[in-house]
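These notes are meant for a colleague who is opening this entry for the first time. Please keep the view at hand while reading the points below.

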Amino acid sequence: MTPKTETFKVEDMHCDSCVNTITKTLSNNNSISDIKCDLDTKEVDVTFDETVDVEEVLSSLDMIGFPATIKKKP
């Protein structure tokens with residue numbers, strides 16, 4: 001399966017605790033292979049295989065109090 005990376009904008013991500021919560025939650029999904037959080041841009045890059053739906057990632061973030069949007073690619 002070919003991995004895919006999407007960037008999510010998470011406006012409510014403000015500190016290292018937020019990053020840890022997001023990383024821990026998303027890493028529970030074995031189909032997600034990499035998570036990179038950037039506090040400066042409030043973006044989270046998530047690499048996952050094709051069994052994961054983008055809506056699933058959005059829902060997981062929303063359930064832990066971090067509503068997100070998909071960053072549009074140029």
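1. Two strands are said to pair if DSSP finds at least two bridges between them, and helices (H or I, at least four residues) and strands (E, at least two) are DSSP runs, numbered from the N terminus. In these terms, four strands make an open sheet in the order S2-S3-S1-S4, with antiparallel pairing. Its edge strands, each pairing on one side only, are S2 and strand S4 (69-70).

2. On the basis of the record, this is a predicted model, in which local features need pLDDT of at least 70 and side-chain atom pairs count only at pLDDT 80 or more, while totals for chains, interfaces and linings use all residues. Residues are numbered from 1 along each chain as its sequence is written, and side-chain values use heavy atoms, with hydrogens and water left out.

3. Within the sheet, S1 and S3 run antiparallel and are joined by six bridges; Thr-7 has Asp-45 in S3 as its bridge partner, and Glu-6 stands opposite Val-46 of S3. S1 and S4 also run antiparallel, joined by two bridges, and here Phe-8 stands opposite Ile-70 in S4.

4. Which residues have the most contacts inside the largest nonpolar core? They are Phe-8, Val-10 and Leu-26, in a core of 19 residues. Helix H1 (16-27), strand S2 (32-38), strand S3 (43-48) and helix H2 (54-63) each supply at least two residues of this core. Such a core is a set of buried Ala, Val, Leu, Ile, Met, Phe, Trp, Tyr and Cys residues joined through side-chain atoms within 4.5 Å, where buried means under 20% relative accessible area, exposed over 50% and partly exposed in between (1.4 Å probe, protein chains only).

5. Leu-26 deserves a separate look. Leaving aside its neighbours within four places in sequence, Leu-26 is in contact (heavy atoms within 4.5 Å) with Ile-32, Ile-35, Val-44, Val-46, Val-57, Ser-60 and Leu-61.

6. Asp-12 lies in the loop between strand S1 (4-9) and H1, and with a relative accessible area of 36% it is partly exposed. Beyond its neighbours within four places in sequence, Asp-12 is in contact with Cys-18, Gly-65, Phe-66 and Pro-67. Between Asp-12 and Ile-70 there are 14 Å in space, C-alpha to C-alpha, although these two are 58 residues apart in sequence.
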